Amino acid sequence: MFERFTKDAREVVQGAVTHAERAGVRSVGAEHLLLALLDREGSRASFAFAALGLAEHKDSLRVALAEARRRAGLTRADADALAGLGIDLTEIVSRVEEAHGAGALSGDRRDAGGWSGRRTFEQDAKDVLEGALRAAVGHRDRRIGDEHLLLALTVRPGVPAEVLADHGVTQESLRRVLHGEGTAQAG
């Protein structure tokens, strides 16, 4: 499948690996793909961010991803469901961080031994890559670009889609910007 990736899409995947390495985690998640997309300039995905007015708000997206990671990657819907059971997620995070340090629930386990093996992709990241292929095929594109990765992130439920939607980036808005779908066509 990677032979179908454009240079931009390959750089996003490599950037995601770099983000995982910086975080000291062994596997690449969907949030790392989003972080790598936010780093891009001069690509279809960066064009879409700019067209949706997000170019100057990328730091806000990064902060939202960090907060979700601090909550063990739980979405607001997850937090609301727990609250419905009488479980205050904010209180749990505070108590765990009091006992074990900031970011204890983030899953960012740093190896003291300096693990340097190849990073694997978590299932959510694999699902995004597969979704990017589906998005490309759905538009009869021969190549998978970074815009397809971005589209796939909006489709798959989870923190990246929630954070993007909070900032006005949805599958519908992306399709409108990238493909002119959902807009009136001159005839």
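In this predicted model, helices α2 and α4 are roughly antiparallel to each other, because their axes cross at roughly 165° and angles over 145 degrees count as roughly antiparallel. Helix α2 also packs against helix α1, with the two axes coming within 8 Å.

**Helices α2 and α4**
- Helix α2 spans residues 30-39 and helix α4 spans residues 58-70, and their axes come within 10 Å.
- The crossing of these two helices, α2 and α4, is left-handed.
- From α2, the residues Glu31, Leu34, Leu35, Leu38 and Asp39 meet Lys58, Leu61, Arg62, Leu65 and Arg69 of α4.
- This contact of α2 with α4 consists of five nonpolar and five charged residues, with no polar ones.

**Helices α1 and α2**
- Helix α1 covers residues 7-23, and its axis crosses that of α2 at roughly 115°.
- The crossing of α1 and α2 is right-handed.
- On the α1 side, Val12, Val13, Gly15, Ala16, His19 and Ala20 take part, meeting His32, Leu33, Leu35, Ala36, Leu37 and Asp39 in α2.
- Eight nonpolar, three polar and one charged residues make up the contact of α1 with α2.

- In helix α3 (residues 44-51), the buried residues are Ala45, Ser46, Ala48 and Phe49.
- The elements covering the buried residues of α3 include α2, α4, α8 (146-155), α9 (159-166) and α10 (171-179).
- Gly53 follows α3 and has a positive phi, near 75°.

Conventions
Residues are numbered from 1 along each chain as its sequence is written. This is a predicted model: local features need pLDDT of at least 70, side-chain atom pairs count only at pLDDT 80 or more; totals for chains, interfaces and linings use all residues. Side-chain values use heavy atoms; hydrogens and water are left out. Axes are lines fitted to C-alpha atoms, for helices over the stretch in contact, and angles run from 0 to 180 degrees between N-to-C directions. Helices (H or I, at least four residues) and strands (E, at least two) are DSSP runs, numbered from the N terminus. Angles under 35 degrees count as roughly parallel, over 145 as roughly antiparallel, 65 to 115 as roughly perpendicular and the rest as oblique. A crossing is left-handed if the near helix is turned anticlockwise from the far one by less than a right angle, and right-handed if clockwise. Contact means heavy atoms within 4.5 Å. Ala, Val, Leu, Ile, Met, Phe, Trp, Tyr, Cys and Pro count as nonpolar, Asp, Glu, Lys and Arg as charged, and the others, Gly among them, as polar. Buried means under 20% relative accessible area, exposed over 50%, partly exposed in between (1.4 Å probe, protein chains only).
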